[in-house]
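Q: I have just opened this structure and would like a guided look at it. Could we go through it together, starting with a single residue?

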Amino acid sequence: MGDEEAKLLASKLATNKTAIYVDLSHNRIGNSGIEAIAEALKTNHTICDLNFAHNEISDRGIEKLSEVLAKQINIQRVDITGNKFGARGLVAASLLVLARGPSAPKLVRWLTCPCSPFKCF
């Protein structure tokens, strides 16, 4: 699945009322696909677990996703392992955690980005 397919899926996620877990790992989703999904998450209040591991999301996509997730308290777990983000994406994800405080989603193994000195997750 690439960006175009992710955009089609995003249109369905926006009105979804039943799915609680979305696993889009190991695809070719890049920034435009994740941005469309992030927009869809603004109106979805049932999804609580997202897996975007091993896609092609760079800083811009992680920034957009983090911006949306900062306001979506229903999201409790996000896996962004193995994407192509660097320092800007890492900062955006960190700010998400700070913005949400105790209700911040667990960012599973998000510190394994190439720019991070932490490789223990």
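Q: Which residues does A10 touch, leaving out those up to four places away in sequence?
A: A10 touches A36, I37 and A40 when residues up to four places away in sequence are not counted. Please note that this is a predicted model.

Q: Where is A10, and is it buried or exposed?
A: A10 is placed in helix α1. The residue is buried, because its relative accessible area is 4%, and the cut-off for buried is under 20%.

Q: How far is A10 from I34 in space?
A: The C-alpha atoms of A10 and I34 are 8.7 Å apart, while 24 residues separate the two in sequence.

Q: Let us turn to α2. Which of its residues are buried?
A: Helix α2 covers residues 31-41, and its buried residues are N31, G33, I34, I37, A38, A40 and L41.

Q: What do those buried residues pack against?
A: They pack against α1 (3-13), β2 (49-51) and α3 (59-69).

Q: How are α2 and α3 arranged?
A: The two helices pack at an angle of about 5°, and their axes are 8 Å apart. α2 and α3 are therefore roughly parallel to each other, since angles under 35 degrees count as roughly parallel.

Q: Which residues meet there?
A: From α2, the residues are N31, S32, I34, E35, A38, E39 and L41; from α3, they are R60, G61, K64, L65, V68 and L69. The residues of this contact divide into 6 nonpolar, 3 polar and 4 charged.

Q: What about salt bridges: how many are found in the whole structure?
A: A search of the whole structure finds 7 salt bridges. One of them joins E39 and K64, with the closest N and O atoms 2.7 Å apart. E39 lies in helix α2 and K64 in helix α3, so this pair ties together parts that are 25 residues apart in sequence.

Q: Which residues are linked with E39 in a network?
A: E39, K42, K64 and E67 are linked in a network of salt bridges. E39 itself is partly exposed, with a relative accessible area of 37%.

Q: Which strands does the D49 and R77 pair tie together?
A: The side chains of D49 and R77 meet in a salt bridge, at 2.9 Å from N to O. D49 lies in strand β2 and R77 in strand β3 (residues 77-79), so the pair ties together parts that are 28 residues apart in sequence. D49 is buried, with a relative accessible area of 17%, whereas R77 counts as partly exposed at 26% relative accessibility.

Q: And which helices do E63 and R88 tie together?
A: Their side chains meet in a salt bridge, again given as N to O, at 2.9 Å. E63 lies in helix α3 and R88 in helix α4, so the pair ties together parts that are 25 residues apart in sequence. E63 counts as partly exposed at 27% relative accessibility, and R88 counts as partly exposed at 48%.

Q: Changing topic, which residues touch the most other members of the largest nonpolar core?
A: Of the 25 residues in that core, L41, L50, F52 and L65 touch the most other members. α1, α2, α3 and α4 (87-100) each supply at least two residues of this core, and α2 gives the most, with 5 residues.

Q: What does F52 touch?
A: Not counting residues up to four places away in sequence, F52 touches L24, S25, I34, I37, I57, L65, V78, D79, I80, T81 and N83.

Conventions:
Residues numbered from 1 in each chain as written. Predicted model: local features only at pLDDT ≥ 70, side-chain atom pairs only at ≥ 80, totals over all residues. Heavy atoms only, no water. Buried < 20%, exposed > 50% of the residue type's maximum accessible area, 1.4 Å probe, protein only. Helix = DSSP H or I, 4+ residues; strand = E, 2+ residues; numbered from the N terminus. Contact = heavy atoms within 4.5 Å. Axes fitted to C-alpha atoms, helices over the stretch in contact; angles between N-to-C directions. Parallel < 35°, antiparallel > 145°, perpendicular 65-115°, else oblique. Nonpolar A, V, L, I, M, F, W, Y, C, P; charged D, E, K, R; others polar. Core = buried A, V, L, I, M, F, W, Y, C linked by side-chain atoms within 4.5 Å. Salt bridge = Lys/Arg side-chain N within 4 Å of Asp/Glu carboxyl O.
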